[in-house]
Amino acid sequence: MREVFQQELTEVRERLVTIADLVATSIELATRAFNESDVGLAETVIAEDNRIDELALSLDELAINILARQQPVARDLRVVVSALRISASLERMGDMSSHIAQLARYRFPDKVVPKGLRSTFQEMGRLDVSMARKLAELLRTEDLGLAEEIRNDDDSIDELHLSVFDKVLGETWKGKAVDTVDATLASRYHERFADHAVSIAKKVQYLATGDWVVASS
């Protein structure tokens with residue numbers, strides 16, 4: 001029974017990595033669709049979000065089943081409980097990718113945001129993709145140095161997010177009402193994607209050390 005239990009825990013970890021890899025691909029395609037106004041890529045991201053949702057649900061069912069049958073304790077309990085919380089955050093990250101892609105689809109063939117903000121969103125997208133890739137590797141290896149890098153990337157995302165608000169609320173902003181709404185929503189989606197990545201990184205730190213680490217501001 002113990003061997004079966006350990007195999008199930010390994011499966012939980014492997015499924016988390018699989019979902020994280022899909023999320024990384026999703027945000028990469030979503031940011032390309034957003035920045036390049038590529039409706040084909042946008043449709044792909046939107047369609048693939050269902051797969052992320054299904055895998056997250058399947059993982060949750062496995063974790064709950066393990067809790068009910070095995071009644072794990074100590075680190076094994078942390079693995080299962082953390083997996084439930086991490087899968088929820090990964091599912092939300094997939095949703096954020098889908099939302100970004102939906103903006104690209106809605107505005108096609110036009111760009112989603114005016115030229116003055118495009119470089120900002122390109123950088124936000126680059127950082128989100130980098131965080132997603134680091135997150136998948138963090139789940140694969142529990143290399144806690146990656147958790148610190150993710151938090152640092154999130155600080156950069158937060159600064160860019162604030163700069164978007166400064167821009168659209170400034171007196172020199174010439175965008176239409178729809179441009180203001182699109183830029184605000186897109187910035188929020190990028191920022192929330194990063195927030196979920198940080199949340200997962202904290203949970204991996206807890207899983208690895210048993211201590212709850214408060215992310216630096």
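Biologist: How far does helix 6 (residues 177–209) reach from its first C-alpha to its last?
Modeller: This is a predicted model, with residues numbered from 1 along each chain as its sequence is written. Local features need pLDDT of at least 70, side-chain atom pairs count only at pLDDT 80 or more, totals for chains, interfaces and linings use all residues, and side-chain values use heavy atoms, leaving out hydrogens and water. Helices are DSSP runs (H or I, at least four residues), numbered from the N terminus; the expected span is 1.5 Å times one less than the number of residues. Helix 6 has 33 residues and an expected 48 Å, and its reach is close to that, at 48 Å.

Biologist: Is the aromatic pair of Phe34 and Phe121 stacked, edge-to-face or tilted?
Modeller: Ring centres must lie within 6.5 Å; planes under 30 degrees apart count as stacked, over 60 as edge-to-face, the rest as tilted. The search finds one pair. Phe34 is in helix 1 (residues 2–36) and Phe121 in helix 4 (residues 115–141), 87 residues apart. Their centres are 5.4 Å apart and their planes at 50°, so the pair is tilted.

Biologist: Is Ser37 buried or exposed?
Modeller: Ser37 lies in the loop between helix 1 and helix 2 (39–70). Its phi is positive, about 55°, although it is not a glycine. Buried means under 20% relative accessible area, exposed over 50%, partly exposed in between (1.4 Å probe, protein chains only). At 10%, Ser37 is therefore buried.

Biologist: Which residue does a cis peptide bond join to Phe108?
Modeller: Most peptide bonds are trans. Here omega is about 5°. The cis bond joins Phe108 to Pro109.

Key: Phe/Tyr/Trp six-rings, centres within 6.5 Å; stacked < 30°, edge-to-face > 60°. Helix = DSSP H or I, 4+ residues; strand = E, 2+ residues; numbered from the N terminus.
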